[in-house]
Amino acid sequence: PLVEYLDYEVLADNGWELTDEDLFEKAAAANLDGEDYGQFRVEERDTLLEAAEEHGFTWPFSCRGGACANCAVAVVEGDLSLPVSHVLPSEMTDRGIRLSCVGEPITDDLKVVYNVKHLPALDELRL
Ligand code: FES
């Protein structure tokens with residue numbers, strides 16, 4: 001699978017929203033550096049977090065077991081698997097929030113905004 005990623009902090013810096021339909025088009029046109037925006041491949045049975053690390057990125061995490069939401073990402077296109085037991089309430093999973101530490105791509109193409117742990121609803125969860 002091929003993952004296109006974008007750092008949530010870039011949204012705040014540019015006044016963009018997660019719900020912007022052209023979010024990734026704007027990111028592609030914005031000359032962002034490779035930490036903030038780009039693409040990488042995920043090998044079979046790798047989680048998104050493992051794949052990011054294999055490509056040299058340091059994405060946020062803590063427990064690596066689905067229990068803390070520090071590694072949360074917002075899936076804008078495609079989908080990531082979610083284990084039966086995890087910390088996210090259904091309001092968050094309904095909005096496409098997934099956990100990169102336990103999530104494996106289940107579609108060939110994915111667009112994800114990583115570093116969404118500071119979304120207000122997730123900040124509450126982590127307290
Ligand atoms: Fe804790 Fe992923 S690192 S849920």
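**Figure 1. Overall fold of the protein chain.** The protein chain has five helices and five strands, taken as DSSP runs (H or I of at least four residues for helices, E of at least two for strands) and numbered from the N terminus. Along the sequence their order is β-α-α-β-α-β-α-β-β-α. The radius of gyration, taken over C-alpha atoms, is 13 Å, close to the 14 Å that the globule rule gives for 127 residues, so the chain is as compact as a globular protein of that length. That rule is 2.2 Å times the number of residues to the power 0.38. A box of roughly 40 × 30 × 25 Å along the principal axes holds the C-alpha atoms. Of the 127 residues, 44% are buried (buried is under 20% relative accessible area, exposed over 50%, partly exposed in between; 1.4 Å probe, protein chains only). This is a predicted model, in which local features need pLDDT of at least 70 and side-chain atom pairs count only at pLDDT 80 or more, while totals for chains, interfaces and linings use all residues. Residues are numbered from 1 along each chain as its sequence is written, and side-chain values use heavy atoms, with hydrogens and water left out.

**Figure 2. Salt bridge between Lys 111 and Glu 77.** The closest N and O atoms of Lys 111 and Glu 77 are 3.3 Å apart (a salt bridge is a side-chain nitrogen of Lys or Arg within 4 Å of a carboxyl oxygen of Asp or Glu). The pair links distant parts of the chain, with Lys 111 in strand β5 and Glu 77 in strand β3 (residues 72-77), 34 residues apart. Lys 111 is buried, at 19% relative accessible area, whereas Glu 77 is partly exposed, at 39%. Glu 4 joins Glu 77 and Lys 111 in a network of salt bridges.

Figure 3. Arg 98 pairs with Asp 79 at 3.1 Å between the closest N and O atoms. Arg 98 lies in strand β4 and Asp 79 in the loop between β3 and α4 (90-94), 19 residues apart. Arg 98 is buried, at 11% relative accessibility; Asp 79 is partly exposed, at 23%. Lys 26 forms a salt bridge with Asp 20, with 2.8 Å between the closest N and O atoms. The whole structure has six salt bridges.

**Figure 4. Patch of negative charge on the surface.** The patch gathers Glu 43, Glu 44, Glu 50, Glu 54, Asp 108 and Asp 109 (residues with over 30% relative accessible area and no salt bridge, like charges joined within 9 Å). Asp 108 lies in the loop between β4 (97-99) and β5 (109-114) and, at 60% relative accessibility, counts as exposed.

Note on methods: Patch = residues over 30% accessible without salt bridge, like charges linked within 9 Å, V, L, I, M, F, W, Y side chains within 5 Å. Areas by Shrake-Rupley, 256 points an atom, 1.4 Å probe, with all protein chains shown as cover. Lys, Arg positive; Asp, Glu negative; His and termini not counted. Charge placed at Lys NZ, Arg CZ, Asp CG, Glu CD.
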